[in-house]
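I opened the model to see how the chain is built and where its side chains pack. My notes follow in the order I looked things up.

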Amino acid sequence: MDWYPLFNSLRIAAASCVIVFFLGILCAYYAARLPRAVKGVLDVVLTLPMVLPPTVCGYFLLLVFGAKRPLGMLLEQFGVRFVMTWQGGILAASVVAFPLMYRTARGAFENFDESLSQAGQTLGLSNTYIFWRIRMPACRQGIMAGAVLAFARALGEYGATSMLIGYTPGRTATISTTVYQLWRTNDEAGAFLWVLVNLAISTAVLLSVNLLEHKQKAVTK
């Protein structure tokens with residue numbers, strides 16, 4: 001059995017999770033401090049990939065990074081290519097997973113007790129120190145839950161991924177695209193095996209989220 005789809009899916013999900021983790025925290029931190037009207041507009045823009053069909057997200061990515069598009073041609077001059085490469089899978093997965101990380105992190109920051117930050121400022125602590133040593137530990141359960149959900153979303157991504165990188169065995173194949181290709185070629189046994197693999201990983205992810213939520217409730221009591 002060729003385990004490349006599992007390896008490729010895991011590395012795409014892991015890389016995109018790292019990207020959306022830091023980018024989501026950055027955007028959520030500053031968005032939570034904006035006026036309500038501005039935050040509402042920003043929310044619409046940043047969470048749009050969550051409500052758009054994944055194939056539409058993939059289509060927009062092709063419009064921007066396609067080989068015949070200005071940005072795509074510019075990047076290719078530097079050896080960077082997202083179409084029909086596994087690196088493009090990271091881009092596609094990051095786009096669709098980002099809203100989950102952003103919304104979860106923003107909720108955690110909005111529930112943070114700002115009196116703790118103010119107390120740190122009165123002690124002469126820097127904003128950087130307060131963020132990493134006070135705010136982040138207090139919000140860690142919600143942020144970690146967002147990271148786990150983003151990883152799961154990236155792992156199961158199909159629509160945008162299939163649009164941008166397609167399906168090439170040993171190069172761009174992921175679990176989701178492999179399931180479709182095996183089913184399309186009437187290999188139902190092979191498709192079902194990969195479905196079981198995905199179910200096992202998804203179950204582990206959901207158990208992790210439930211555990212984090214349980215810890216969060218225990219802390220708040």
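**Loop residues with positive phi**

I started at Asn 186, which is exposed, with a relative accessible area of 66%. Here buried means under 20% relative accessible area, exposed over 50%, and partly exposed in between (1.4 Å probe, protein chains only). The areas come from the Shrake-Rupley method with a 1.4 Å probe, and for residues only the protein chains shown count as cover. Asn 186 sits in the loop between α9 and α10. Its phi is near 65°, a positive value in a residue other than glycine. Most residues other than glycine have a negative phi.

I then looked up Met 84, in the loop between α4 (70-76) and α5. Met 84 also has a positive phi, about 60°, although it is not a glycine. Met 84 is partly exposed, at a relative accessible area of 31%.

**Ground rules and confidence**

This is a predicted model: local features need pLDDT of at least 70, side-chain atom pairs count only at pLDDT 80 or more, and totals for chains, interfaces and linings use all residues. Residues are numbered from 1 along each chain as its sequence is written, and side-chain values use heavy atoms, with hydrogens and water left out.

I checked pLDDT, the predictor's confidence in each residue, from 0 to 100. The mean for the protein is 88, and 95% of residues reach 70 or more. Confidence is lowest in helix α10 (residues 188-220), with a mean of 80. It is highest in helix α1 (residues 4-31), at 93.

**Overall build**

I counted ten helices and zero strands. Helices (H or I, at least four residues) and strands (E, at least two) are DSSP runs, numbered from the N terminus. The C-alpha atoms fill a box of roughly 65 × 45 × 30 Å along the principal axes. Of the 221 residues, 41% count as buried. The protein exposes about 12300 Å², and carbon and sulfur atoms supply 66% of that.

**Two kinked helices**

Next I looked for bends, each being the angle between axes fitted to the seven residues ending at a residue and the seven starting there. Helix α5 (residues 86-110) has a kink of about 40° at Ala 97. Helix α2 (residues 36-51) has a kink of about 35° at Val 45, shortly before the proline Pro 49.

Which residues of α2 are buried? I found Lys 39, Asp 43, Leu 46, Thr 47 and Pro 49. Their cover includes α1, α3 (54-65) and α5.

**Cores**

I looked at nonpolar cores last: sets of buried Ala, Val, Leu, Ile, Met, Phe, Trp, Tyr and Cys residues joined through side-chain atoms within 4.5 Å. The largest has 38 residues, and those with the most contacts inside it are Ile 25, Met 101, Phe 109, Ile 143 and Ile 201. The elements giving two or more residues to this core are α1, α5, α7 (127-155), α9 (175-184) and α10. α1 gives the most, with ten residues.

Ile 25 is in helix α1 and is buried, at a relative accessible area of 5%. Counting contact as heavy atoms within 4.5 Å, and leaving out residues up to four places away in sequence, Ile 25 touches Val 20, Met 101, Phe 109, Phe 131, Met 136 and Ile 143. On the same terms, Ile 201 touches Leu 6, Leu 155 and Ile 175. A second, separate core of eleven residues includes Phe 65, Ala 92, Leu 164 and Ile 165.

Methods
The expected span of a helix is 1.5 Å times one less than its number of residues.
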